[in-house]
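Have the structure open while you read.

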Amino acid sequence: MNFEMNFETMSDSAISQELGARLRRFRLNRNFSQVQLATRAGIGRRTLQKVEDGEGATLATLVAILRGLGLLSQLDNFLRRPPPSPVQMARMQGRQRQRASGTRRRKKKVSDDWSWGD
């Protein structure tokens, strides 16, 4: 049996509903009521109910619910840390990048013919 879903073909609303249903299943598998999990997560019961119903959630709420369920380790599966690009590695010669390059400001050249306006 394959339980993986193709999220690429799903709408945002459908994905929210699927994730809410999964969170509900994890909660029930741990035999927590909504009140118990909401208390453990530090959120309101209605907030948890909305998330489970697929009505959306903030990232902070999702993290709190995962913490309450003891599933924070699942975040690494959710979004893995990207490796440095091969081009960047070649430029850095093995060193890890610390800053974005951004834009550089040019220093204004002081003119030699500047005067006080005499």
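What follows covers a helix pair, its salt bridges and the nonpolar core.

First, the ground rules: this is a predicted model, where local features need pLDDT of at least 70, side-chain atom pairs count only at pLDDT 80 or more, and totals for chains, interfaces and linings use all residues. Residues are numbered from 1 along each chain as its sequence is written, and side-chain values use heavy atoms, with hydrogens and water left out.

Let's start with helix α1 (residues 12–29) and helix α3 (residues 45–52), whose axes come within 7 Å and cross at roughly 120°. Helices here are DSSP runs (H or I, at least four residues), numbered from the N terminus. The axes are lines fitted to C-alpha atoms over the stretch in contact, with angles running from 0 to 180 degrees between N-to-C directions. The two helices are therefore oblique to each other; that label takes whatever is left after under 35 degrees (roughly parallel), over 145 (roughly antiparallel) and 65 to 115 (roughly perpendicular).

Who's touching whom? From α1 come Ser16, Gly20, Ala21, Leu23, Arg24 and Arg27, and they meet Leu48, Val51 and Glu52 of α3. Contact means heavy atoms within 4.5 Å. Sorted by class, this contact has 4 nonpolar, 2 polar and 3 charged residues. For the classes, Ala, Val, Leu, Ile, Met, Phe, Trp, Tyr, Cys and Pro count as nonpolar, Asp, Glu, Lys and Arg as charged, and the others, Gly among them, as polar.

Now the charges. The structure holds 5 salt bridges, each a side-chain nitrogen of Lys or Arg within 4 Å of a carboxyl oxygen of Asp or Glu. Among them are these:

| Salt bridge | N to O distance |
|---|---|
| Glutamate 52 and arginine 24 | 3.4 Å |
| Arginine 24 and aspartate 53 | 2.9 Å |
| Arginine 80 and aspartate 76 | 2.8 Å |

Salt bridges that share partners join Arg24, Arg27, Glu52 and Asp53 into one network. How exposed are these side chains? Buried means under 20% relative accessible area, exposed over 50%, and partly exposed in between (1.4 Å probe, protein chains only). On that scale glutamate 52 is buried at 2%, while arginine 24 is partly exposed at 27% and aspartate 53 is partly exposed at 36%. Arginine 24 in helix α1 and aspartate 53, in the loop between α3 and α4 (59–69), are 29 residues apart. Over at the other pair, arginine 80 is exposed at 53% and aspartate 76 partly exposed at 40%.

On to α4, where Thr61, Ala64, Ile65, Leu66, Gly68 and Leu69 are buried. These buried residues pack against α1, α2 (34–41), α3 and α5 (75–78). Just after the helix, glycine 70 takes a positive phi of about 75°.

Finally, the largest nonpolar core has 13 residues, and Leu23, Leu37, Ile43, Leu48, Ile65 and Leu69 touch the most other members. A core here is a set of buried Ala, Val, Leu, Ile, Met, Phe, Trp, Tyr and Cys residues joined through side-chain atoms within 4.5 Å. Its largest share, 4 residues, comes from α4. Setting aside neighbours within four places in sequence, isoleucine 65 is in contact with Leu23, Leu37, Ala41, Ile43, Leu48 and Val51.
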